[in-house]
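Subject: That structure, handed over

Hi,

Here is the structure I promised to pass on.

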Amino acid sequence: MQLEKEGIFPIDDALEMVLMFGEDGKIVYANKLVREKLEYGDELCGRLIGDVFPNTFSGTDTEEARSPESVILAGEGIRNLVAYRKNTTCFPVEARIVRSESRPGLYICMANDILEREFLGREVERVREEAQEAMKVKSEFVANVTHELRTPVNGILGNIRELLGREMDGELQKSLRLIERCCGDMNKIINNILDFSKLEAGKFSLESRKFSFRGMMDYIKASHINRITEKGLEFFMTVSPQIPEYIIGDELRIVQILNNLLSNAQKFTSWGKITVEVFRTARVNDRMELFFLVSDTGIGISDEDKEKLFQSFSQVDASISRKYGGTGLGLNICKQLVELMGGRIEVESKKNRGSNFSFSVWVGVCEGDEEVLQQPDDAIYSPENAEEAEDGEQEDIRTFGTFENSQSLKKNLSKLILCVEMENWEKAEGFMETLRQLTEEAPQEVKRVVLRLKMAVQKENYDKVSREYKALDELLP
């Protein structure tokens, strides 16, 4: 080639197509990739650039021709062009045409074949549209199904509550209470599925309004304190004085998150305490960040299982679902709600050492409430001190034979027998599970009695429970 004779050696094996042509539009160099793609071979040199890009350099050898200079001036940078092969078929390319700095009158075209990319792009778009359509169909199906399910469930619930207002014997009332509870659980599952479907389809929106923050926290406490204390657990709630009385946010969704975390804490905790703490951690103009901490002394979570927590329809293992129930949707919904409110949710936990769930949300500050008490948040709560105290307490209460363990065993055993006397077998099973966990490090003879007592409670056999209760009471230190 002429350029090679003059000492110019372009890279023939470049990964992009390289063409060089003069002011007259004649091609003076084409690298190997161009020759293969356009199927000209060595015949390409000497032909017009308009043969390769007729839509861009139409008739470059005529008076009406668009010169290379005019083409360059018409569009700087990378452009999408159409390249024609020798057999007149074509394909799209991404090209850049520039002047040669070292040789006036010489132009360089560097191009990449984007046929495959365009094809894949169309495929991706098609798949995306199909996925959106499938999501729409699924969302409509879920909405219809949950609506149809809610109608009969609420019908049953209404009739059950009407019957509970009448006088009846204890056994019938117990059965009706169980049905009422099942209907309530079913409604919770329906709500979770509906919320999950809306979040997944991107149709979920927050409703921000002014509300009393402390009023909301009082409602949360009143909703959970009875169920928590019935299990023999302590319940504490602390709200930082730096948080104003009224804030602007989605009260319903904050309540939903706290209800879910507290329900889990109550479900998976057999002894000890559950605490809720709220702090103000940041302030930017008329927005502030609230930080919530929900702690328990329950069964805890191992490090390898933490990643599963916030996945949809996932629990740490199948035995959790069988033993405690649940859809595995709650924490996933909490995560998405927290992120919608500009925050994040985290968990710190150790197996058999309890869990700390924390989440943050951004809320609005009401006019007139900008100034709040200036007491620093860290004067109310010290995570380091609390963690040290809880660690020591947990070690003592789980070690069979210690004073703390003995006191907790006797306390829960007394509550167990009281529930049995009142024929409240459901609560009795809860205290029985606590006794089992408190005796995990006990001698075999104690474990055998605990197992027999547990079986008697499950079978609701009063005589066997009384006998095994006395046997266990004698073995306790």
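**Confidence**

Keep in mind that this is a predicted model. The average pLDDT for the chain is 79, and 81% of the residues score at least 70.

**Strands**

β9 and β10 make a hairpin with two residues between them, and Asn-285 in the turn has a positive phi of about 55 degrees.

**The nonpolar cores**

Which residues have the most contacts inside the largest nonpolar core? They are Phe-213, Met-217, Ile-254, Leu-258, Leu-290, Phe-292 and Phe-359, in a core of 43 residues. Several elements each supply at least two residues to this core: α7 (213-230), β7, α8 (251-267), β9, β10, α10, β11 (345-349) and β12 (355-365). The one that gives the most is α8, with seven residues. In general, nonpolar side chains in soluble globular proteins tend to be buried together.

Leaving out residues up to four places away in sequence, Phe-359 touches Ile-257, Leu-258, Leu-261, Leu-290, Phe-291, Phe-292, Val-338, Arg-344 and Ile-345.

Another core lies apart from that one, with 25 residues, among them Leu-413, Ile-417, Val-450 and Val-457. Tyr-469 is worth a click as well: this residue is found in helix α15 (residues 462-475) and is partly exposed, at a relative accessible area of 22%. Leaving aside neighbours within four places in sequence, Tyr-469 is in contact with Leu-413, Ile-417 and Leu-453. Tyr-469 and Ser-414 are 55 residues apart along the chain, yet their C-alpha atoms are separated by 9.4 Å.

**Salt bridges**

How many salt bridges does the structure hold? The count is 20. The background is simple: side chains of opposite charge can pair when their charged atoms come close. Here are some to look up:

- Lys-335 and Glu-339 form a salt bridge, with their closest N and O atoms 2.8 Å apart. The two are four residues apart in helix α10 (residues 330-340), so about one helical turn separates them. Lys-335 is partly exposed at 29% relative accessible area, and Glu-339 is partly exposed too, at 44%.
- Arg-436 and Glu-433 meet in a salt bridge at 2.8 Å, N to O. These residues are three apart in helix α13 (residues 425-438), which again means a separation of about one helical turn. Arg-436 counts as partly exposed at 27% relative accessibility, whereas Glu-433 is buried at 11%.
- Arg-344 and Glu-346 have side chains that meet in a salt bridge at 2.6 Å, N to O. Arg-344 is exposed, with 57% relative accessibility, while Glu-346 is partly exposed at 34%. Arg-344 is also one of the residues that Phe-359 touches.
- Asp-12, Arg-35 and Asp-42 are linked together in a network of salt bridges.

**Cysteines**

What is the count of disulfides? It comes to zero, taking a disulfide as a pair of cysteine sulfur atoms within 2.5 Å. As for individual cysteines, are Cys-109 and Cys-366 buried or exposed? Cys-109 is buried, at 2% relative accessibility, and Cys-366 is buried as well, with a relative accessible area of 4%.

Cheers

Key. Residues numbered from 1 in each chain as written. Predicted model: local features only at pLDDT ≥ 70, side-chain atom pairs only at ≥ 80, totals over all residues. Heavy atoms only, no water. Buried < 20%, exposed > 50% of the residue type's maximum accessible area, 1.4 Å probe, protein only. pLDDT = per-residue confidence, 0-100. Pairing = 2+ DSSP bridges. Contact = heavy atoms within 4.5 Å. Salt bridge = Lys/Arg side-chain N within 4 Å of Asp/Glu carboxyl O. Core = buried A, V, L, I, M, F, W, Y, C linked by side-chain atoms within 4.5 Å.
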